[in-house]
Amino acid sequence: MNDVTAQFVDDRQRRRLERRFGGHVTEWLSELPSVVEKIATEWRLTVDGGAPHGRTAVVVYVTLSDGREGVLKLSPDSGLAVTEANMLRMWAPSHRVPEVWDLDARRGAILMERVEGETVANIGVVPPMVTIGTLLSQLHGVEVSRSQLMELRPLMARVQFIFDLWNRERNEGPAAKVISTTALHQGYCRARALAIGETDVVPLHGDLHPGNVLDGGSRGLVALDPRACVGDGAADAVDWAVWKATSVTEVERRVDVLSQTMGVDGDRMMEWVRAFAPCLAVAKVNRAQSHTDEFETLVDLMAGDHTLVRSHSR
């Protein structure tokens, strides 16, 4: 990776992109500086430097010619960028997502508002569940046409992607010695049964974990990086029900508040939590967090079947 590319992407981000998209990312990254330069010229942007980014995109801080501060987000998957931009525009009336200012579908580039603030994950404090439930209600409650809903992938496709991802993460990491394949298979079967239902069908974020929500200060919480799909609204609340939870009782209390605030069935939300618990448990093991109360809570959520978790002492 040359010095010009390195100003936008570090080695950790490069490895994430390669793991997500494959080896062709190397060529994409080599062309990235010239692509950024061309887009900056066409959209009259001043490039301010690299910004924090995740698994699927490179984010660059920019300033527009009128002085507005924005971010330029570029993905090796142009289709992913188009879907994200469309979802953010769909949710614009909620004021709970960044405003999209421009889109280059061919280059997979989105120009959007820069929202100042830290992610909830970086802050490290669990927000009140009423606050999270309100965020979800406002996103899910935006009025959309049937044709817009039909353009979104079904929740089942997202479920399939998530379980394929965490099966791979399990097989290639230390979780292979702790979490059984049976656990993931049973979780997948639960999620599949829930996903094919037609209850509370709304436009879903699809990846609304604490790392994808900013505390925007007076603006409130702002959702980032949607993986747009359509399905049961309760599915979007799973990460918040379990993040930093140290007992099943605590999870149940959170689900009770979330479900009431969102107006969805609490028992069904709890089933979503149990379905995704094996994936979250794999993540804990692979991040060397298996000797924690949070991990044990996830184990308890996996229905107490002793075949799901291998012999493992805390």
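Predicted model: local features only at pLDDT ≥ 70, side-chain atom pairs only at ≥ 80, totals over all residues.
Colleague: What is the mean pLDDT of the chain?

Modeller: The mean is 90, and 94% of the residues reach 70 or more. Confidence is highest in helix α10 (residues 238-242), at 98. Helix α1 (residues 3-6) is lowest, at a mean of 53. Over residues 310-314 the pLDDT is below 50, although this stretch has 16 contacts in the model beyond near neighbours in sequence.

Colleague: Now helices. Which way do residues three or four places apart point?

Modeller: They point the same way, because an α-helix has 3.6 residues a turn. Now look at α3. Its buried residues are Val25, Trp28, Leu29, Leu32, Pro33, Val36, Ile39 and Ala40.

Colleague: What span should the 18 residues of α3 have?

Modeller: Take 1.5 Å a residue, and helix α3 (residues 25-42) should span 26 Å. Its end C-alpha atoms are 24 Å apart, which agrees.

Colleague: Where in α3 is the kink?

Modeller: At leucine 32, shortly before proline 33. The kink is about 45°. Just after α3, arginine 44 takes a positive phi of about 55°.

Colleague: Take glutamate 250. Is this residue buried or exposed?

Modeller: Buried means under 20% relative accessible area. Glutamate 250 has 18%, so it counts as buried. Glutamate 250 sits in helix α11 (residues 248-262).

Colleague: Which residues does glutamate 250 touch, not counting those up to four places away in sequence?

Modeller: Lys244 and Ala245.

Methods. Residues numbered from 1 in each chain as written. Heavy atoms only, no water. Helix = DSSP H or I, 4+ residues; strand = E, 2+ residues; numbered from the N terminus. Buried < 20%, exposed > 50% of the residue type's maximum accessible area, 1.4 Å probe, protein only. Contact = heavy atoms within 4.5 Å. Expected span 1.5 Å × (residues − 1). Bend = angle between axes of the 7 residues up to and from the residue. pLDDT = per-residue confidence, 0-100.
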